[in-house]
Amino acid sequence: MTTSSITDLFEHNRQWAAQMEREKPGFFTGLMAQQKPRYMWIGCSDSRVPANQITGLEPGEVFVHRNIANVVVPTDLNCLSTIQYAVDQLKVEHLMVVGHYGCGGVLAALQDARIGLADNWIRHVKDVRDKHAALLAAVPLPKRHDALCELNAIEQVMNIAHSTVMQDAWARGQKVQLHGWCYSLQNGLITNLQMSVPDVAGLAEAHRQAVALVAERAQS
Ligand code: CO
């Protein structure tokens with residue numbers, strides 16, 4: 001792995017901008033007019049989980065919010081504002097919470113490790129851990145971390161579904177679907193956690209099935 005210096009970053013940027021313009025003349029001026037992404041990605045801040053590269057999406061195609069352990073809290077004005085803007089203004093069609101295996105924030109929650117100020121943030125992942133204590137206790141230890149990464153993504157989808165933004169959007173008939181995914185640092189592949197929620201009516205059943213699949217994967 002090469003370590004870039006700050007001057008390298010500017011050089012990379014110049015090369016990238018030139019290459020984009022070469023391959024797609026007018027790309028930047030086209031995007032200046034408007035952004036019309038179909039997707040919103042809520043993921044972990046982890047440097048190894050870049051939304052655009054993983055999904056092959058270009059600038060303008062995915063609206064992104066990232067924080068430690070991809071947590072959605074109803075009192076987090078930052079996260080809620082991005083969701084509200086994405087749903088109400090940009091009219092995204094799909095909103096995915098993307099956890100990742102090997103997430104350090106999730107591991108800290110699992111092990112009750114002290115990492116600093118973020119302990120208070122990780123508390124939300126501990127709530128997920130405690131909610132699914134019985135399921136996790138039945139999972140062999142090496143796989144317990146993975147299982148909590150999956151459960152955390154699923155529960156954050158629930159939090160979005162229960163937000164006033166989503167409740168209002170669905171109530172007015174807007175087509176916007178929620179998804180729970182988990183990304184593997186090991187092979188670069190995304191696992192679909194089958195937590196796909198097209199409307200409020202399907203929420204409880206989607207949650208039940210997705211959680212059952214977590215248990216199934218953990219035992220396989
Ligand atoms: Co992480």
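## Exercises on a predicted model

His162 sits in the loop between α8 and α9 (164–171). The model is predicted.

**Exercise 1.** Which residues does His162 contact, leaving aside its neighbours within four places in sequence? Then state how far apart the C-alpha atoms of His162 and Ser220 are.

*Solution.* 
- Step 1. Set aside the neighbours within four places in sequence; His162 is then in contact with Gln167 and Leu203.
- Step 2. Turn to Ser220, which is 58 residues from His162 along the chain. Their C-alpha atoms are separated by 32 Å.

**Exercise 2.** Classify the crossing of helix α6 and helix α8, and sort the residues of their contact by type.

*Solution.* 
- Step 1. Locate the helices: α6 spans residues 118–131 and α8 spans residues 141–161.
- Step 2. Take the geometry. The two axes come within 10 Å and cross at roughly 105 degrees.
- Step 3. Apply the cut-off: 65 to 115 degrees counts as roughly perpendicular. α6 and α8 are therefore roughly perpendicular to each other.
- Step 4. List the contact. From α6 come Val125, Val128, Arg129 and Lys131. From α8 come Leu148, Leu151, Asn152, Glu155 and Gln156.
- Step 5. Sort these residues: four are nonpolar, two polar and three charged.

**Exercise 3.** How many aromatic pairs does a search of the whole structure find? Describe the pair of Phe27 and Phe28.

*Solution.* 
- Step 1. The search finds three aromatic pairs.
- Step 2. For Phe27 and Phe28, the distance is 5.3 Å centre to centre, with 85 degrees between the planes. Planes over 60 degrees apart count as edge-to-face, and this pair is edge-to-face.
- Step 3. Phe27 has a relative accessible area of 12%, so Phe27 is buried. Phe28 has 29%, so Phe28 is partly exposed.
- Step 4. Widen the view: Trp16, Phe27 and Phe28 form one aromatic cluster.

**Exercise 4.** Why is the pair of Phe63 and Tyr85 called tilted, and which parts does the pair tie together?

*Solution.* 
- Step 1. The ring centres of Phe63 and Tyr85 are 5.8 Å apart, and the planes stand at 35 degrees, so the pair is tilted.
- Step 2. Place the residues. Phe63 belongs to strand β2 (residues 62–67), and Tyr85 to helix α4 (residues 77–89). The pair therefore ties together parts that are 22 residues apart in sequence.
- Step 3. Buried means under 20% relative accessible area. Phe63 is at 15%, so Phe63 is buried. Tyr85, at 37%, is partly exposed.

Note on methods: Residues numbered from 1 in each chain as written. Predicted model: local features only at pLDDT ≥ 70, side-chain atom pairs only at ≥ 80, totals over all residues. Heavy atoms only, no water. Phe/Tyr/Trp six-rings, centres within 6.5 Å; stacked < 30°, edge-to-face > 60°. Buried < 20%, exposed > 50% of the residue type's maximum accessible area, 1.4 Å probe, protein only. Helix = DSSP H or I, 4+ residues; strand = E, 2+ residues; numbered from the N terminus. Axes fitted to C-alpha atoms, helices over the stretch in contact; angles between N-to-C directions. Parallel < 35°, antiparallel > 145°, perpendicular 65-115°, else oblique. Contact = heavy atoms within 4.5 Å. Nonpolar A, V, L, I, M, F, W, Y, C, P; charged D, E, K, R; others polar.
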